[in-house]
Amino acid sequence: MEVPSFESVKVAVRVRPFNQREKNAGSRCVISMHSGTTTIIHDPKNPEHMKTFTFDLAYWSHSGFQRDKDGVLISTGSNSDFAGQKDVFRDLGQGILDSAWQGYNATLLAYGQTGSGKSYSMIGYGADKGIIPNVCEELFKATENKEKNQQYQVTFSMLEIYNEEVRDLLSKTKKPRGLKVREDQHQGFYVDGLTSVPCDSYAQIERLMEQGIKARTTAATSMNATSSRSHMVITIQFKQVFLDGDLTKQSIINLVDLAGSERQKSSGSEGDRLREGSRVNLSLTTLGNVISALADVAMGKRVLHIPYRDSVLTRLLQSALGGNSKTIMIAAISPADICYEETLSTLRYAERTKKIKNKAVINTSPTEKLIKQLKAENNRLLSRLAGLGNSGKRVADKTRELEHLLAKNQARLQTIQITWEHQLEEAQKEWEEQYSTITQERQMMKAFPYLFNVNEDPQLTGVLKHFILAGSSNVGQAASNKIILQGLGISDKHATFTNMDGEVTVMPQSKCRVVVNGVPTVTKTKLQHLDRVILGSNSAYLYIGFPSERSNDDVTRFDYDFFQSELAAAEGVSMDKLGAGNKRDGKVDPSVLAVFQDYIKLIPLVAEANQMSKELMKGLILELKVKNLTSSDSKGYDLQKEVIVKVTHRETREVWIWSKAKFINRKYLMEEIYRHFLDGEDIGVAQEDDPFWDPVEAIHLGSAHVWLQSLAYCMKLEEQAELLNSEGLEEAVVLINIIPCSSTGQAYSEDDMVIDPLELLGKRIDFQIQILKCLGVKWLQEDARRGIQIGYKIYDLQTTLYTKPVWKTVNAKIEETIHFVALNASHEFLNYLQKNALIVDLWGLQEGCAELNCTQKELTTWEGHVMVDVKTSPAEAASQATSNQMAELYLKLLKLEEETEVLRNRNRALREENVLLKDSLRGCAPGQGRYHKLSNKSRIITQPASHKDTPQTCSPRTSYDADFAKALKVFYQRMNIVRGQFLKLRHYRPPDDDQMLRPFIQRQSHLLKDIGELLEDSLWKLKNDVALIVKKKRESLVHTKYRGSSFP
């Protein structure tokens, strides 16, 4: 018996260059590598915080490279640490070959998030061949030097695991529900019925890989399953037959390109009442559980169960993880800061994997001995069959069991005895047919215009080609069409392509979706070379024109994202529209880029979901929206944008809002039902299990900003505010009053206004918020059965306050008042009032949905009033840095506010001067100093005034303060108008139509001019008013001094 070789799984990490999306985002590299084994990742939010990982190998492929004359990426020189494809093959691929020659099983796993470079390392692009083709090529080079008494046998198989179904990528027939994974006491787990093709050259394996990738592309197109959600497994069985010793060494090489690692997150079902979407994530999740369990075993922990059997992938990889195999994992990572979380997760996953220990043995078997054993076992089975008799149910069952074992052994015996040459001869015939087809296709590419597919996975792009021959070519699912297409939204006869007089046109059939360069078309459209065509929901093709139209075109720029970006632009969504160019340094805001990438990734998924809803007659219409597209927080800063899906039932007009994660989860569940529908099975499900249904809920319709600055000066505010939706469009108008008042609720008058908010520091502040009406509600105009509620939250309240529901009224009368009290006004609260707005939210109610409310238990009250500013030591959030997106006009507004502060300080100084003068006047009372000599008449004049006359004595100061208060009131009212106009101006977006651009710019210029003039006029008036007040005060002071100096 062979002694097993105990060794840990070998783990390598490889970091790729920035992709175009990361370059556009101005991404920073957060990965560094040292000594060829150490990988360090820096937290982009805290660069000093880093994590260090040590693996067997660390490949720096991020920078320091150039292309040679053949297009292969190579190092720029001795100072570069760049690791190319040859370096990776030398360390990893050669190790796989060495294990195979020794008779060990070998496995290579490629792990990482979608787009991290897994497929590049495994398969490669163009001249940069990856590990798989290099392993196959080097294997056949080595077998060319075989000895006379040895025979080498290589078989190739290729499968894909998607949604727990196994697809044979080399089979011409598709088996419903995929192939079954079975278990054998000798073989372990295996795929029953998997095509295994004998090969005698690398060229043959190349063609088989092309065939497999083509089958994978076709399946992805028809089932709308991107390759990033599936695992690809290539298995090479390598036998070394030693003819003189009747001995065979056999090695099974598994090369596994795993699905994108981000798919294993449970966030897909986050916030959803239904289970996590389908079984798409099951294999990767189970693989993680298996690796964790095996890592615990290696560390000496007690593990009761290793869940190999919980998924198809882990059953097939049982020998590779903790079993009879020498295993290598290559973890592919992105260098970009925007991928930090995913990269860190991948590194942690790889760190657990390297702890696993395998027990590999050399697989040898004496061929002649095995044949004799099988023949002897067959004879024993025949003898047992003969002795069973002819009656009884138990006898019949036993007979069937023995006959099955006999047939199985006989098949194994025949397989062994069939000569290898015969197997190669059969495979060669099929290979020649495939080669003839490929040769014919290449010749047609040189003569005719054609369409080639564009897929999310670059490996699958350009695999399918549809030639547009002279005359008319119908396209659709029907077998009678010249071009047969499968996929969602493809009709039996979908469109007609016409090749005539050197022109190609496309004509959609009735109500069939055809999109050219991002724009849907319903009429005959002429195609130009490199036009982008989408048929049905998401079958994307690049049109290649006549040979005379072609040049050295770079078709790689027309990738999957390019197609979706065109669709987004047609829907009015682009980087500019999302505000990507607002940063002054000219760089794209990473958060905006992330939203745009989410949007274009969801476009095809939403189209597919709409088509499934249509075919299954669910009546749903799904629309992509950008939440907070033009919304801002209480300080006026833009809110974080995110992609959401608005779902509307066509008949009932019910509306739901789904997050990105919830939609993706529902999409998986929809696909399960749709597959049952395609297979003719019953698709009836209970309503609560239906992914196309949800209980009705309240919908956020829009919000308004009501600035609270007037409250800081005890001034009443009567506002008519527009409630704007996330796209900046008006949903309704709310009438709201904010009233400073006494503790009993009596409104303050203008005489109670304060000049400086600091006068309120430490004092009690009472105020009321009145919601009077909500006018012109579009939500109710669309469906009169609906209702609305208004909600808001002020300062440190932990809960939102809601008005009572109003149903079936477009102009809703609300008239609700809430009294608030701050018992000891803090600096923070006063600062909040001066710089923040009250966000008023409009919510839409639907029949049967729960009303929004908050209980009194959630509120802190005092004397029946709602308390605010209740923190004894409020922790002020870190002040936000001046926004780089601040427009010049907004800076001007800030400058005016600073000048206003100067005026306040001047007024404060004048008041202090008044106090000093009052003290001086008190010193002029009768009986003191020189005033003893005053005449009786003078004494009568200088006697204290009666109580009735006191207001007249104090009237000058009261008058000045009232005048100043009125001046400030007018000024702040104008500032509120300016602030509102400025916020609207910031959210205006330029039109897509170039002809409308000039009027738009002119309108913007007029608005800016109006705002500027209003600012200048407001400041001029305030300065004049203050100057007049100061002048009056000085005149009064002079007059007082003059009167005082006239006394003897």
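**Aromatic pairs, cores and buried residues in a predicted model**

Both Tyr152 and Phe238 are buried, where buried means under 20% relative accessible area, exposed over 50% and partly exposed in between (1.4 Å probe, protein chains only). The model is predicted, and local features therefore need pLDDT of at least 70, side-chain atom pairs count only at pLDDT 80 or more, and totals for chains, interfaces and linings use all residues. Residues are numbered from 1 along each chain as its sequence is written, and side-chain values use heavy atoms, with hydrogens and water left out.

Aromatic rings were examined next. Rings of Phe, Tyr and Trp (its six-membered ring) pair if their centres lie within 6.5 Å; planes under 30 degrees apart count as stacked, over 60 as edge-to-face and the rest as tilted. By this rule the count comes to 15 aromatic pairs. In one of them, the ring centres of Phe65 and Phe82 are 5.2 Å apart and the planes stand at 45°, so the pair is tilted. This pair links distant parts of the chain, 17 residues apart: Phe65 belongs to strand β7 (residues 65-67), and Phe82 to the loop between β8 (73-75) and α2 (85-102). Helices (H or I, at least four residues) and strands (E, at least two) are DSSP runs, numbered from the N terminus. Phe65 is partly exposed, with a relative accessible area of 30%, whereas Phe82 is buried at 9%. The rings of Tyr152 and Phe238 have centres 6.1 Å apart and planes at 25°, so the pair is stacked. Here too distant parts of the chain are linked, with Tyr152 in strand β12 (residues 150-162) and Phe238 in strand β17 (residues 231-242), 86 residues apart. Together with Trp101, Tyr152 and Phe238 form one aromatic cluster.

A nonpolar core is a set of buried Ala, Val, Leu, Ile, Met, Phe, Trp, Tyr and Cys residues joined through side-chain atoms within 4.5 Å. The largest such core has 65 residues, and those with the most contacts inside it are Ile769, Cys774, Ile794, Phe820 and Leu838. Helix α19 (residues 950-986) supplies the largest share of this core, seven residues. A second, separate core of 50 residues includes Phe596, Met612, Leu620 and Trp656. Contact means heavy atoms within 4.5 Å. Not counting residues up to four places away in sequence, Ile769 touches, among others, Ile736, Tyr792, Ile794, Phe820 and Leu838.

In helix α16 (residues 827-835), the residues Phe829, Leu830, Tyr832 and Leu833 are buried. They cover an arc of only 155° around the axis (taken from the directions from the helix axis to the C-beta atoms), which puts them on the same side of α16. The buried residues of α16 pack against β39 (765-775), β43 (812-822) and β44 (837-845).

Asp783 lies in the loop between α15 (778-782) and β40 (787-792) and is buried, with a relative accessible area of 9%. Not counting residues up to four places away in sequence, Asp783 touches Thr652 and Arg653.

The structure holds zero disulfides, a disulfide being a pair of cysteine sulfur atoms within 2.5 Å. The sulfur of Cys714 is 9.8 Å from the closest cysteine sulfur, in Cys741, which is too far for a bond. Cys714 counts as buried at 8% relative accessibility, and Cys512 counts as buried at 11%.
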